[in-house]
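Colleague: I would like a close look at a single part of this model, taken slowly and with its surroundings in view.

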Amino acid sequence: MTDPIARLLLEADMSGDAELHRLLNELQKDATAIHPMPSAEVAAHMVPARRQSVISRHGAVVTALIVVGTLGVGVTAAAASPDVRAAAQQVFQTVTGGHLPSSTIPDPLGSHGASSWTPLPSRSSSASPHPNRTNHPGPTDHPGNGATNAASPDPGDPHTTTPGNGHASSEPIPPGVGKGHTP
Amino acid sequence: MEEEPNRSDDTVAERFTAAYQQLSPAVLGYLRSHGVDDPEATTHEVFLALFRTLDRTAEGGDDVRTMTFSIAHARVVDHHRARTRRPFTVSYDPDSDPRSAPSAEESVTVKLGQHGILPLVNRLEDEQREAVLLRVVAGLTLDETAQVMSKSVGAIKQLQRRGLQSLRSSLNAGSPRD
């Protein structure tokens, strides 16, 4: 018999007293209705809340360490290795190259622009199918021109014309290009 | 082998947590039924005392229940002893003056429902009331009640039978429910 009140009444030879059974049942329910909140001292001995907080704190710390470590490794590798920088630059150029105006597009300026300004050879080199041509600037690749790679300056883009570029001195600059730079 | 003490501590803490979640409502109700002053604080004291003895208690839940209500029973006895000593140490006790303030038992009656059977239980003799409350509110078995009250099983049977018969007589008379 699982009902303690029924068992109590049975032990007292009063198992047939339904009213007493009902009233004792009400007493039990009323008396055990309130769940007291544990005091701070009692709660300090209770495991689950403390363990959960520790787990969540450790999880946050581990996540932060992973993020910081990943960023640190990436930044360090990029700063330390020229190959990484070059690879990143090539990826960037590959992505942005499709959005830049192609040098094969006829010059809208027509004949009067063709005499004073010719497209840079580096544009054709980026479209070259030769696999052994490197995109890295180097002394063997167009001496005197440090920007002869796939990202060589677009003639129409003033931001890509830099001082020291061989074109700045050997080739004329289209009107409006290179303003603000040193002559 | 440094994990053994931690595992033991965890086991005690887990048992303590389970005991509090399962038994604290009954302990609070038991203390309120006895009219203990500040029953919530006394409930916390009971469980803190339980925590100090958990490592000496067997794994079974019934043992923890018996131990918990043994501590609570001792607190109730201390409370009633303190109340009996109070008139000798205090010149005027408003709690014991029915003209000015309700007694603690009446306050508990109001809290637990004046229309219920608790006023009748509170009119029982002390040991009869204790046996009935330990059986009904604490949910102890006959053997556990005998262990808590340090009496024989036969004595507890007699106490609870007389208590219930007295309750039946009071219900027939219908005195406090009218």
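In which hand of crossing does helix 1 of chain A pass helix 2 of chain A?

Modeller: Bearing in mind that this is a predicted model, the crossing in which helix 1 of chain A passes helix 2 of chain A is right-handed. The two helices of chain A pack with their axes 10 Å apart and at an angle of about 135°; since angles over 145 degrees would count as roughly antiparallel and those from 65 to 115 as roughly perpendicular, helix 1 and helix 2 of chain A are therefore oblique to each other. On the side of helix 1 of chain A, the contact is made by Ile5(A), Ala6(A) and Leu9(A), while helix 2 of chain A brings Leu20(A), His21(A), Leu24(A), Asn25(A) and Gln28(A). By class, the residues of this contact divide into 5 nonpolar and 3 polar, with no charged residue.

The contact between the chains takes 28 residues from chain A and 37 residues from chain B, and the elements giving two or more residues to the side of chain A that touches chain B are helix 1 (4-11), helix 2 (18-31), helix 3 (40-43) and helix 4 (47-80) of chain A. Helix 2 of chain A supplies the largest share of that side, 9 residues. In contrast to the contact of helix 1 with helix 2 of chain A, which has no charged residues, the side of chain A that touches chain B has 6 charged residues, together with 17 nonpolar and 5 polar ones.

Note on methods: Residues are numbered from 1 along each chain as its sequence is written. Chains are lettered from A and ligands numbered from 1 in the order in which they are written. This is a predicted model: local features need pLDDT of at least 70, side-chain atom pairs count only at pLDDT 80 or more; totals for chains, interfaces and linings use all residues. Two residues are in contact if their C-beta atoms, placed from the backbone, lie within 7 Å. Helices (H or I, at least four residues) and strands (E, at least two) are DSSP runs, numbered from the N terminus. Ala, Val, Leu, Ile, Met, Phe, Trp, Tyr, Cys and Pro count as nonpolar, Asp, Glu, Lys and Arg as charged, and the others, Gly among them, as polar. Axes are lines fitted to C-alpha atoms, for helices over the stretch in contact, and angles run from 0 to 180 degrees between N-to-C directions. Angles under 35 degrees count as roughly parallel, over 145 as roughly antiparallel, 65 to 115 as roughly perpendicular and the rest as oblique. A crossing is left-handed if the near helix is turned anticlockwise from the far one by less than a right angle, and right-handed if clockwise.
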